[in-house]
Amino acid sequence: MTITESFIDGESVPSKDVYDNIDPATGRSLGPVARGGGEEVDRAVRAAAAASKSWRNTTPEARATLLTRIADLIGDNQERLARIESEDTGKPLAQARADTVVAARYFRFYGHAIDSYYGQTIPLSTDLHVYTRREPLGVTGHIVAWNYPMQLLSRAVAPAIAVGNCSVAKPADETPRTAVELARLAIEAGLPAGVFNVVSGIGAEAGAALAAHPGVDHVGFVGSTQIGSLIAHAAADRVAPTILELGGKSPQIVFPDADLERAAESIAKAILQNAGQTCSAGSRLLVHDSIHDTLVEMVCQRLQLATIGPGLEDPDLGPLVSRKQQQRVESMVAGNVKGEILCGGEPPHDPKLADGAYFAPTIITDVDPAETIAQEEIFGPVLTVNRFVSEDEAIALANGTDYGLLGAVWTNDLSRAHRLAAEIRAGQIYVNTYGAGGGVELPFGGFKKSGYGREKGYEALDMFTATKTVVVRL
């Protein structure tokens, strides 16, 4: 089997040790992965720092051309990249193909955006010429999660290098291969060596080393709130800015005047997507008491019809990313005290799926809002349900966790929709639809323990630059 190695300064870099990359659909190894650590991280950071001396002075036009070339190459390699992504994560092949399209879109979007990203002139007085410059920070470090490896890597690296930074990325332990492939494609597109580097390895080793490295000028992290806090502390010790995109417990609020067919379809898809392993999954259903039984039954029917199998067979639902994650989901469902399990609640009984990390789509109704299962991320295809009667009660339930990433309101009352959009503490609010993070163009980030800073959209360019003000007396 081919060894997946770090990709630093335009070339593959081995490590002394390796670990197995496990296929979550079969439990078998997909091949060894280089177990990079502090030595590889230091090499990558030094390569990025050296490359930044010329890359930061490369014209926006030249950077734009290279980013769009990377997007083209990702598109040309869509099927190969999607297959690797499906094998590593377990997600259905169609979802992996969609992730490839979005990954290319990030590079294309920021390739176009950088053409019109300028500073401002400030008319302070007639004898002063005052203007601002947006300057790159230097070396940016990116530690990404395993649920959307290509998307998360692209949305972090593309804006960072677009504005003139050089990047070092640490992909998740479980899903290292597409990160390395994207870095290789970037070199093929003509990106100078050292601008985009990838270090494979274990989070507690390579990830920790990257977060704490004194040569890293900005750190981005996608993952759990617990690890995000550690990353932020490591960066704060040297006063380095951070972007944290952490957990979510996003509510979908359904009122009696909503289109229930459309709502049920969207709610089911949102919890099936990537087996519920999405920080912005609509994992809490808050439904008006008068339509509770009807809507829950509609969603349950859709989940029970979902096909389950290996990602490469392109089912509706693939395995969870690992046995460890499967055990975590089982434990959280088993720890539910009050709620009633209407469907699922355990791994599927099909013997053909016994070796994989599968979990049946699950609905638990009338959970205690204070219970762990209603408060913490499950990161599996598990939907908890609570009833409400009044609008105020719905808002209280929606805001009743430590997280604030997404929210959705299903109603035909436009005034109510805007009232709730203002009251719900979340970084994105959807009305009569649900986007699980939305498009490349939409600023994305959380409130409360869902993190801080914004990725995606034009705002991401501001996150990777610093404003310099220049004052000239005429």
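Q: How many nonpolar, polar and charged residues does the lining of the largest cavity have?
A: The model is a predicted one. Rolling a probe the size of a water molecule over the atoms shows where empty space is left. Here, the lining of the largest cavity has six nonpolar, five polar and one charged residues. Among them are Gly248, Cys279, Ser283, Glu377 and Phe379.

Q: What volume does the largest cavity have, and how many cavities of 30 Å³ or more are there?
A: The volume of the largest cavity is about 70 Å³. The count of cavities of 30 Å³ or more is three.

Q: Is Ser450 buried or exposed?
A: A residue is called buried when its relative accessible area is under 20%. Ser450 has a relative accessible area of 0%, and is therefore buried. Its place is in the loop between β20 (447–448) and β21 (451–452).

Q: Which backbone nitrogen does the side chain of Ser450 reach at 2.9 Å?
A: That nitrogen belongs to Gly404. A polar atom of the Ser450 side chain also lies 3.5 Å from the backbone nitrogen of Leu405. Leaving aside residues up to four places away in sequence, Ser450 touches several others, including Leu244, Gly248, Asp402 and Tyr403.

Q: Which residues have the most contacts inside the largest nonpolar core?
A: They are Tyr110, Leu191 and Phe196, in a core of 69 residues. Apart from this core lies another, of 46 residues, with Ala258, Cys279, Leu320 and Met332 among them.

Notes: Residues numbered from 1 in each chain as written. Predicted model: local features only at pLDDT ≥ 70, side-chain atom pairs only at ≥ 80, totals over all residues. Heavy atoms only, no water. Helix = DSSP H or I, 4+ residues; strand = E, 2+ residues; numbered from the N terminus. Buried < 20%, exposed > 50% of the residue type's maximum accessible area, 1.4 Å probe, protein only. Polar contact = N/O pair within 3.5 Å; in protein donor to acceptor, adjacent residues only side chain to side chain. Contact = heavy atoms within 4.5 Å. 1 Å grid on protein atoms, 1.4 Å probe; cavity = no way out; pocket = protein on both sides within 12 Å on 5 of 7 lines; lining within 4 Å. Points joined across faces, edges and corners; volume = space filled by probe spheres on them. Nonpolar A, V, L, I, M, F, W, Y, C, P; charged D, E, K, R; others polar. Core = buried A, V, L, I, M, F, W, Y, C linked by side-chain atoms within 4.5 Å.
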